[in-house]
Amino acid sequence: MARLEARGDSAVLTVAGPHTAVGVRAGDSVCVNGVCLTVTGHTDEQMSFDIMAETLEWTCLGQLVAGDEVNLEPAMRADGRFGGHVVQGHVDGTAQLVRRADAEHWRVLRFGLAPELAQYVAMKGAVAVHGVSLTVSAVSGPVAEPWFEVSLIPTTLANTVLGSLATGDVVNIETDVLARYAQNLADFAQYRTRGDHR
Ligand SMILES: Cc1nc2c(=O)[nH]c(=O)nc-2n(C[C@H](O)[C@H](O)[C@H](O)CO)c1C
């Protein structure tokens with residue numbers, strides 16, 4: 001559970017999470033709702049983080065109210081099995097839950113997002129929602145109000161805050177880093193083709 005204190009254009013976030021807090025050290029990276037943060041202080045029960053203005057601008061951490069549940073993930077070990085996809089904790093923006101459909105054994109969540117972000121979300125590709133690595137199960141394609149869907153199994157619904165999302169809730173989105181590199185390469189290729197570089 002989280003508590004956010006405003007400090008001018010920045011903030012201090014305190015999160016109660018004994019499972020993650022035990023063994024953590026100042027300077028460690030911990031992901032909170034998919035946002036990579038640095039531990040500045042801790043007890044065995046809770047951890048504190050400084051939140052800079054850029055992080056408040058790019059993520060929805062600033063919307064946390066006292067008592068909100070958050071997803072917590074310590075830094076990935078290099079010597080373990082690697083499930084999911086590469087998630088850096090560098091959030092690209094936010095999306096809004098626009099539709100929630102419950103099936104018998106899973107739940108489909110549809111998120112609306114800006115076209116600038118939607119271009120990096122592909123059918124059967126990977127996306128991190130509040131830091132949870134997920135497979136994209138449907139996309140709108142290039143339309144004025146794009147969306148994508150993920151299908152969540154009971155384990156994900158039970159073990160992450162995605163299980164308690166309601167329509168209208170805002171989440172942090174990290175798109176696949178491969179898609180962002182592909183865009184970057186295409187941008188530079190176009191720049192070279194135009195011949196306006198020196
Ligand atoms: C390691 C790390 N630590 C912090 C931190 O302690 N406080 C903070 O505000 N931002 C940190 N960041 C950068 C954020 O992860 C980044 O600003 C967001 O993911 C938005 O892209 C990072 C990467």
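**Figure 1. α4 and the lining of the largest pocket.** In this predicted model, α4 gives the largest share of the lining of the largest pocket, with four residues. That helix covers residues 154-159.

**Figure 2. A look into the middle of the largest pocket.** The space here comes to about 820 Å³. A total of 33 residues line the largest pocket, and the ones closest to its centre are Leu72, Glu73, Gly131, Val132 and Ser133. Sorted by class, the lining has 16 polar residues, 14 nonpolar ones and three charged ones.

Figure 3. Domain 1 runs over residues 2-74 and domain 2 over residues 93-183. Each of them puts at least three residues into the lining of the largest pocket.

**Figure 4. Who sits around the ligand.** Here we move to the ligand and its neighbours. There are 13 residues around the ligand, and Cys36, Asp50, Met52, Thr55 and Val91 come nearest. The next view takes three of these and zooms in on their polar atoms.

Figure 5. Start with Asp50: one of its backbone N or O atoms lies 2.7 Å from a nitrogen atom of the ligand. Thr55 uses its side chain instead, with an N or O atom there 2.7 Å from an oxygen atom of the ligand. At Val91 it's the backbone again, where a polar atom is 2.7 Å from an oxygen atom of the ligand.

**Figure 6. The two stretches annotated in UniProt.** An unreviewed UniProt entry lists residues 1-85 and 86-186 under "domain: Lumazine-binding". For residues 86-186, the chain is 20% helix and 40% strand, with 21 Å between the end C-alpha atoms.

Key: Residues are numbered from 1 along each chain as its sequence is written. This is a predicted model: local features need pLDDT of at least 70, side-chain atom pairs count only at pLDDT 80 or more; totals for chains, interfaces and linings use all residues. Side-chain values use heavy atoms; hydrogens and water are left out. On a 1 Å grid over the protein atoms alone, a cavity is a set of points where a 1.4 Å probe fits but cannot get out, and a pocket is an open set with protein on both sides within 12 Å along at least five of seven lines; lining residues have an atom within 4 Å of a point. Grid points are joined across faces, edges and corners, and a volume is the space filled by probe spheres set on the points. Helices (H or I, at least four residues) and strands (E, at least two) are DSSP runs, numbered from the N terminus. Ala, Val, Leu, Ile, Met, Phe, Trp, Tyr, Cys and Pro count as nonpolar, Asp, Glu, Lys and Arg as charged, and the others, Gly among them, as polar. Domain bounds come from an automatic or database domain assignment. UniProt positions are given in the numbering used here, feature names are shortened, and annotations may be inferred rather than shown by experiment. A residue is near a molecule or strand if one of its heavy atoms lies within 4 Å of it. A polar contact is a pair of N or O atoms within 3.5 Å; within protein, one must be able to donate a hydrogen and the other to accept it, and residues adjacent in sequence count only if both atoms are side-chain atoms.
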